[in-house]
Amino acid sequence: MIYINATKMKSFSILGFPGLSPQYYGPVSALLFFFYLAISVGNIFILAFVLYEKSLQKPTYLVFCHLALNDLTFGTVTLPKIISKYWFDDSIISFYGCFTQMFFVHYLGSVTSFILLVMALDRFIAICIPLRYPVLITNNIISVLCGFAWFIPVSLMVTILVQAITLPFCRSNVIAQCYCDHISITSQACGQDVKIVQVNTLCMAMFCLLVPLAFILFSYISIIVVIMKMSNAAGRKKTLSTCTPQIFITCLFYLPRCFVYVANTVGFSFSLDVRILLILLYSLFPPAVNPIIYCFKTQDIKQSLIKKLKTTRIGIEVKLSL
């Protein structure tokens with residue numbers, strides 16, 4: 001009977017925030033829509049600005065573009081459905097649509113981790129072995145490295161998808177989350193293979209998160225050591241400023257995830273609403289904030305923006321005076 005029920009499951013229902021009163025559905029959907037708008041406008045602007053401004057087409061900013069494309073895609077994959085739930089009372093997602101969303105959620109998260117590794121490598125070589133930087137880091141090499149960042153997780157995520165989709169589903173079809181992820185889906189499965197699939201997925205996830213994190217920590221510790229050894233205070237400040245955007249972006253991605261994992265490990269439990277809110281925040285806050293970090297913490301982008309704004313203002317003043 002269990003397997004018969006499994007074959008009849010045609011769709012899943014996105015729960016969202018279980019404790020949320022219907023009177024707040026409108027404001028919550030508006031807030032989520034604002035997040036999506038911020039993610040879309042900010043990251044499209046970064047992509048278009050770097051593409052338009054030839055002086056910014058350097059390895060560092062190409063990495064920013066790959067991260068912006070990833071963030072834009074992640075927001076597009078996750079937010080429209082939960083906005084639809086609270087705006088139009090449409091919480092149903094098809095069986096295969098849910099698995100497709102799950103694949104992209106975990107795939108794009110893994111890609112982000114590897115892109116952050118490439119970002120750290122760029123800064124490591126620029127600061128620790130600067131004389132070799134023009135040879136070791138070029139636009140072509142960065143494009144290849146970012147290509148590997150997009151390619152490496154594919155086989156792992158396909159394995160995770162195939163293992164999950166072949167499980168028998170005999171429990172509720174409610175996804176206790178704002179989007180379909182592996183834990184929420186497999187918690188509705190049954191059978192002896194569920195635990196094996198969850199452990200395999202955890203190992204693959206740790207590989208995609210911890211291997212890049214290990215190199216990122218090594219590279220930034222090495223950078224800090226090199227900076228501290230500089231005798232010139234102005235030089236230290238200038239060198240540190242070249243990698244502060246990358247450090248901010250990396251911390252936004254890793255620190256909240258590490259906090260949740262450590263809290264769960266030591267036995268600190270969250271209510272379902274708080275857990276969903278935390279996951280939503282650490283998933284969607286970085287894509288919304290990253291473009292602001294690019295613009296205000298990266299000197300070349302900031303200076304190019306100021307120059308363009310001054311040129312535009314002068315042009316407008318000239319037209320008005322004619």
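A pocket is an open set of points on a 1 Å grid over the protein atoms alone, with protein on both sides within 12 Å along at least five of seven lines, and its lining residues have an atom within 4 Å of a point. The model you see is predicted, so local features need pLDDT of at least 70 and side-chain atom pairs count only at pLDDT 80 or more, while totals for chains, interfaces and linings use all residues. Residues are numbered from 1 along each chain as its sequence is written, and side-chain values use heavy atoms, with hydrogens and water left out.

**Exercise 1.** Describe the lining of the second largest pocket.

*Solution.* Step 1: start at the centre. Of the 16 lining residues, Thr60, Tyr61, Arg123, Thr242 and Asp300 lie nearest to it.

Step 1: find the elements. Helices here are DSSP runs (H or I, at least four residues), numbered from the N terminus. Two or more residues each come from helix 3 (59–88), helix 9 (233–241), helix 10 and helix 12 (299–321). Helix 3 gives the largest share, four residues.

Step 2: sort by class. Ala, Val, Leu, Ile, Met, Phe, Trp, Tyr, Cys and Pro count as nonpolar, Asp, Glu, Lys and Arg as charged, and the others, Gly among them, as polar. The lining then divides into five nonpolar, six polar and five charged residues.

**Exercise 2.** How do helix 2 and helix 11 cross?

*Solution.* Step 1: take the axes, which are lines fitted to C-alpha atoms over the stretch in contact, with angles from 0 to 180 degrees between N-to-C directions. For helix 2 (residues 25–52) and helix 11, the axes come within 9 Å and cross at roughly 40°.

Step 1: name the arrangement. Angles under 35 degrees count as roughly parallel, over 145 as roughly antiparallel, 65 to 115 as roughly perpendicular and the rest as oblique, so helix 2 is oblique to helix 11.

Step 2: look at the contact (heavy atoms within 4.5 Å). Leu32, Phe35 and Gly42 are among the residues of helix 2 that take part, and Leu280, Pro287 and Tyr294 are among those of helix 11. By class, this contact has 14 nonpolar, two polar and no charged residues.

How values were computed. 1 Å grid on protein atoms, 1.4 Å probe; cavity = no way out; pocket = protein on both sides within 12 Å on 5 of 7 lines; lining within 4 Å.
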